[in-house]
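Take a first look at the fold below. Keep the sequence beside it as you read.

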Amino acid sequence: MRPTLPSFLVLIFLFELSGLNAQQAMSGSPVYRLQNPISVDFLKKHLRKKSPRLFLTPDIEKALKEKIQSDPVVGNVYRTMQLNAKTIQQQPLLERVLEGRRLLGVSREMLFRMNILNMLYRVDKDPAILDRINREVLAVCHFLDWNPSHYLDVAEMALAVAIAVDWSGRDLPKTTVELAKKSLIEKAILPSFDTTQTWSWWVNGDNNWNQVCHTGMVAAALVTADQDMDLATKTISRALEGMPHALAQYGPDGVYPEGATYWDYGTSFTVMTASMFESAFGTDFGLSQYPALMESALFSVMSVAPSGWYYNFADCGDKRDRKGDLTLAWFAVKTGNLNYFEKDRFLIPPDQLGRLQRIAGPGLIWLSQFGGTEETPLPNAWKGDGANPVVIFTGDNGYYFGGKGGRGSTNHGNMDAGSFIFELDGVRWVVDPGNQNYNDLEKTGFDLWGRCQECQRWTLLTKNNYGHSTLTVNDALHHVDGFAPITGFKPGDHPEATIDLTAVFGDDLKSIERRFVKDSGSSLLIEDEIQINENTRSVTWQLMTTADVEIVKGGAILKQDGKLLRLENLSHPDMTVSVISLDPAPLKLDRQIKGLKRIELRFPAYLFEDGKEAIRVRLLPVF
């Protein structure tokens with residue numbers, strides 16, 4: 001019998017506070033707890049007795065097979081999986097080869113292969129596919145370990161092997177299943193409880209590691225409960241206690257602090273956990289109702305500009321994939337919102353759709369469950385608060401603006417508070433330098449992950465304020481822990497947002513507020529109200545672009561893709577802008593971006609009459 005939760009109990013456990021009273025909850029950002037009834041007795045009573053337990057039930061599987069035949073989207077994605085499988089079968093088996101300190105590429109490839117092959121085997125029962133699954137599982141289970149020093153590697157590998165055991169285990173050789181379950185316990189679950197090591201910091205972490213690693217351990221526990229019920233109980237209970245530390249970061253509006261591509265990574269694993277709990281226990285213990293999680297789908301959609309580029313703040317990738325987003329499909333099922341069901345992208349012909357996401361197995365299941373017909377209009381102005389607050393304006397003619405506050409010390413964060421990007425008519429005029437390859441930096445000994453004020457991370461142009469369209473005071477780095485909140489927001493046809501940047505500059509000035517205004521359907525106004533103090537020597541206004549720049553009286557003309565954009569210096573029309581080429585970038589380790597340059601307006605402190613000054617710059621097209 002599957003346990004169900006009455007709605008009033010859902011509310012009770014969702015709003016039960018972890019060490020906080022109701023008054024504190026109203027004034028702060030509490031961590032809400034998930035329901036956690038997990039015990040050995042609970043597992044014995046409620047855990048589904050037979051496989052599949054992960055994502056599938058007999059009813060779900062029956063409906064899925066019917067949809068493969070009857071639903072164009074599901075059928076198209078399934079045919080793409082068949083093509084992916086042919087490619088997999090032509091590849092050698094995986095080997096334990098690390099890239100730098102990571103086995104992650106191998107683990108992710110295994111997760112991709114197991115999603116594709118095991119889904120095909122569930123549907124078609126092809127013995128050649130089963131044989132390949134068997135050989136893949138044996139190969140990785142004979143690895144010395146799954147690289148626990150970088151636990152993401154273990155988590156993704158564990159999920160892959162768990163799917164194989166759960167979906168194909170009845171037909172795999174008994175010895176393979178025994179080895180796989182032994183490996184899931186000894187190479188995945190047990191190391192995560194090793195208190196002599198530091199690699200399980202993610203258990204109560206507040207970022208994507210928490211989400212990914214708990215998912216892998218839960219999957220391993222669900223398929224090995226018959227081997228060690230006590231260990232499975234401890235693992236699942238730990239996840240329900242630990243996951244809210246990461247889930248709290250979505251609050252209050254759904255902004256994922258690590259950026260859009262990390263939203264897809266962390267969130268995809270969280271919703272897989274919810275989906276596994278539902279199939280294994282009949283409840284997700286409140287995951288899908290966690291505050292701001294559902295709202296984060298809107299953040300993801302709003303983070304994609306008309307050009308196909310992301311608003312790529314933090315360590316975000318540059319452009320989205322042309323395929324439909326399977327993580328969003330889960331949100332489509334839960335909300336019925338067509339904005340999250342990217343039908344046209346899923347209907348790209350299989351030979352053009354290419355390699356699917358490595359969560360293609362559960363993704364196909366979610367696609368088969370979608371039945372929504374409601375499409376809510378997307379806002380033309382949206383703000384999300386939280387650890388890394390952002391504001392987005394959209395409009396006709398490909399109008400897209402994204403601006404942000406936050407602090408540099410946020411996970412995967414940069415010294416980019418006050419920065420913005422701007423698109424019009426398919427051209428990204430104001431750019432964010434984006435992310436760069438981690439291993440390329442780490443293999444040189446570069447300390448990429450330290451976030452102290454003097455840490456090496458901030459020498460990189462992609463990470464420091466010199467590479468972002470923000471303000472710099474005294475030619476110094478931003479204060480890494482200084483937080484910039486969005487203090488004002490007005491939606492409507494001419495939306496505006498205000499960010500208080502004062503804390504970002506510490507004692508180097510008295511105060512500063514940056515205001516963004518969509519003052520017409522095709523222009524953007526940037527206003528900075530600044531008060532200096534005795535420590536202020538200079539203020540530099542910055543704009544990053546890859547366009548060609550012509551300096552003209554009162555500003556500059558940007559030229560790109562046969563189009564023109566004017567930069568108008570409204571407040572100081574007699575001041576000449578400077579253009580600093582960043583191609584090549586200053587450091588050998590910097591990301592090299594073709595045509596990158598920084599437009600500057602430099603204000604020495606003596607120009608600030610009575611210690612105050614307003615800088616007003618407008619961007620608008622030239623026809």
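Predicted model: local features only at pLDDT ≥ 70, side-chain atom pairs only at ≥ 80, totals over all residues.

Residues are numbered from 1 along each chain as its sequence is written, and side-chain values use heavy atoms, with hydrogens and water left out.

Helices (H or I, at least four residues) and strands (E, at least two) are DSSP runs, numbered from the N terminus. Two strands pair if DSSP finds at least two bridges between them.

Begin with two helices. Helix α4 covers residues 58-70, and helix α5 covers residues 72-89. They pack at an angle of about 95 degrees, with their axes 6 Å apart. Axes here are lines fitted to C-alpha atoms, for helices over the stretch in contact, and angles run from 0 to 180 degrees between N-to-C directions. The angle makes α4 roughly perpendicular to α5. Angles under 35 degrees count as roughly parallel, over 145 as roughly antiparallel, 65 to 115 as roughly perpendicular and the rest as oblique. Which residues of α4 and α5 make the contact? From α4 come Leu64, Lys67, Ile68 and Ser70. From α5 come Pro72, Val74, Gly75 and Tyr78. Contact means heavy atoms within 4.5 Å. The residues of this contact divide into 5 nonpolar, 2 polar and 1 charged. In this scheme Ala, Val, Leu, Ile, Met, Phe, Trp, Tyr, Cys and Pro count as nonpolar, Asp, Glu, Lys and Arg as charged, and the others, Gly among them, as polar.

Now look at the loop between α3 (40-46) and α4, where Pro52 lies. A cis peptide bond joins Ser51 and Pro52, with omega about 0 degrees. Another cis bond runs from Gly251 to Pro252, with omega near 0 degrees. Pro252 is found in the loop between α12 (244-247) and α13 (260-281).

Move on to helix α18, residues 360-369. Is it mostly covered or mostly open? It is mostly covered: 9 of its 10 residues are buried. Buried means under 20% relative accessible area, exposed over 50%, and partly exposed in between (1.4 Å probe, protein chains only). Among the buried residues of α18 are Pro362, Leu364 and Trp366.

Lys125 has a positive phi of about 55 degrees although it is not a glycine. Its place is in the loop between α6 (104-124) and α7 (127-141). Lys125 is partly exposed, with a relative accessible area of 42%. His412 has a positive phi of about 60 degrees, and it is not a glycine either. His412 lies in the loop between β3 (399-404) and β4 (420-424). This histidine is buried, with a relative accessible area of 8%.

Next come the strands. Strands of a sheet pair through backbone hydrogen bonds, either parallel or antiparallel. Gln542 has Glu600 in β16 as its bridge partner.

Stay in β11 and find Thr540. Thr540 is buried, with a relative accessible area of 1%. Its side chain makes a polar contact with the side chain of Arg602 (3.3 Å). A polar contact is a pair of N or O atoms within 3.5 Å; within protein, one must be able to donate a hydrogen and the other to accept it, and residues adjacent in sequence count only if both atoms are side-chain atoms.

Then follow the loop between β6 and β7 (486-490) to His478. His478 is buried, with a relative accessible area of 2%. Its side chain reaches the backbone oxygen of Leu471 at 2.8 Å.

Finish with a run of antiparallel strands. β8 (residues 496-500) and β9 (residues 511-520) are joined by 5 bridges. Glu496 has Val517 in β9 as its bridge partner. A further 8 bridges join β9 to β10 (residues 523-531). Ile512 stands opposite Ile530 in β10. A hairpin joins β9 to β10 through 2 residues.
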